[in-house]
Amino acid sequence: MGEATPYQLLADLVLALHLLVVVFVVVGLVLVLAGNLLGWHWVNALWFRLAHLLAIGIVVAESWLGIVCPLTSLEAWLRKQARTSSYEGGFIEHWFQRLLFYDAPSWVFTLGYTLFALAVVASWWCFPPRPRR
């Protein structure tokens with residue numbers, strides 16, 4: 001087992017950041033829905049709802065425009081600099097990538113992202129955000 005290069009470590013950090021963004025988008029909607037049912041007022045904070053809407057909005061725009069996610073591109077570039085494959089490496093890297101990247105036609109992802117974004121927009125209608133008091 002060789003030593004990781006700085007590029008490899010940076011690529012792993014970008015991959016972890018990418019996973020955090022995905023978790024924020026998915027769990028964010030769950031928190032908004034569950035939080036409103038459970039009376040958690042913080043889930044309707046305007047800053048949280050705007051950040052969540054912006055995150056899924058960027059994903060949908062990239063998908064509709066056929067743009068590769070900048071985090072994916074950056075990670076691939078860093079792995080190339082480290083002279084490693086995008087799908088090999090350490091345990092954490094391997095499983096993060098398995099969670100994030102699937103083999104399916106691009107229209108499947110575009111449809112999924114769009115439907116998810118529509119659910120986020122519907123949550124704004126059902127549970128409107130509240131500006132800070």
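Q: Great. What kind of model is this?

A: It is a predicted model. Keep that in mind as we look around.

Q: How many helices and strands are there in the chain?

A: The chain has five helices and zero strands.

Q: What share of the residues counts as buried?

A: Of the chain's 133 residues, 28% are buried. As for the surface, the chain exposes about 9200 Å², and carbon and sulfur atoms supply 73% of that area.

Q: And the contacts? What part comes from residues 24 or more positions apart?

A: Take the contacts in the chain with a separation of 6 or more: 76% of them are between residues 24 or more positions apart.

Q: Okay, let's go inside. Which residues make up the largest nonpolar core?

A: There are seven of them: Val 25, Leu 29, Ala 55, Ile 56, Val 60, Ala 117 and Val 120. Helix H1 (6-38), helix H2 (46-65) and helix H5 each give at least two residues to this core. H2 has the largest share, with three residues.

Q: Can you pick one of those? What is Leu 29 in contact with?

A: If we skip its neighbours within four places in sequence, Leu 29 is in contact with His 52, Phe 116, Ala 119, Val 120 and Ser 123. Val 120 is also a member of that largest core.

Q: What else is packed inside?

A: There is a second, separate core of five residues, and among them are Val 14, Cys 69, Leu 71 and Leu 78.

Q: New topic: charges. How many salt bridges are there?

A: Two. In general, side chains of opposite charge can pair when their charged atoms come close.

Q: Which residue does Arg 79 pair with, then?

A: One partner is Asp 12, and the closest N and O atoms of that pair are 3.0 Å apart. This bridge links distant parts of the chain: Arg 79 is in helix H3 (residues 70-81) and Asp 12 is in helix H1, 67 residues apart.

Q: And the other bridge?

A: That one is between the side chains of Glu 75 and Arg 79, at 2.7 Å from N to O. Glu 75 and Arg 79 are four residues apart in helix H3, so about one helical turn separates them. Through shared partners, the salt bridges join Asp 12, Glu 75 and Arg 79 into one network.

Q: Where do those three sit, buried or exposed?

A: Arg 79 is buried, with a relative accessible area of 0%. Glu 75 is buried as well, at 4%. Asp 12 is partly exposed, at 25%.

Q: How far apart are Trp 124 and Asn 44?

A: In sequence they are 80 residues apart, while in space their C-alpha atoms are 9.0 Å apart.

Q: Last one: what does Ser 63 touch?

A: Not counting residues up to four places away in sequence, Ser 63 touches Phe 109, Thr 110 and Tyr 113. You can find Ser 63 in helix H2, and with 17% relative accessibility Ser 63 counts as buried.

Terms used: Residues are numbered from 1 along each chain as its sequence is written. This is a predicted model: local features need pLDDT of at least 70, side-chain atom pairs count only at pLDDT 80 or more; totals for chains, interfaces and linings use all residues. Side-chain values use heavy atoms; hydrogens and water are left out. A nonpolar core is a set of buried Ala, Val, Leu, Ile, Met, Phe, Trp, Tyr and Cys residues joined through side-chain atoms within 4.5 Å. Buried means under 20% relative accessible area, exposed over 50%, partly exposed in between (1.4 Å probe, protein chains only). Contact means heavy atoms within 4.5 Å. A salt bridge is a side-chain nitrogen of Lys or Arg within 4 Å of a carboxyl oxygen of Asp or Glu. Accessible areas come from the Shrake-Rupley method with a 1.4 Å probe; for residues, only the protein chains shown count as cover.
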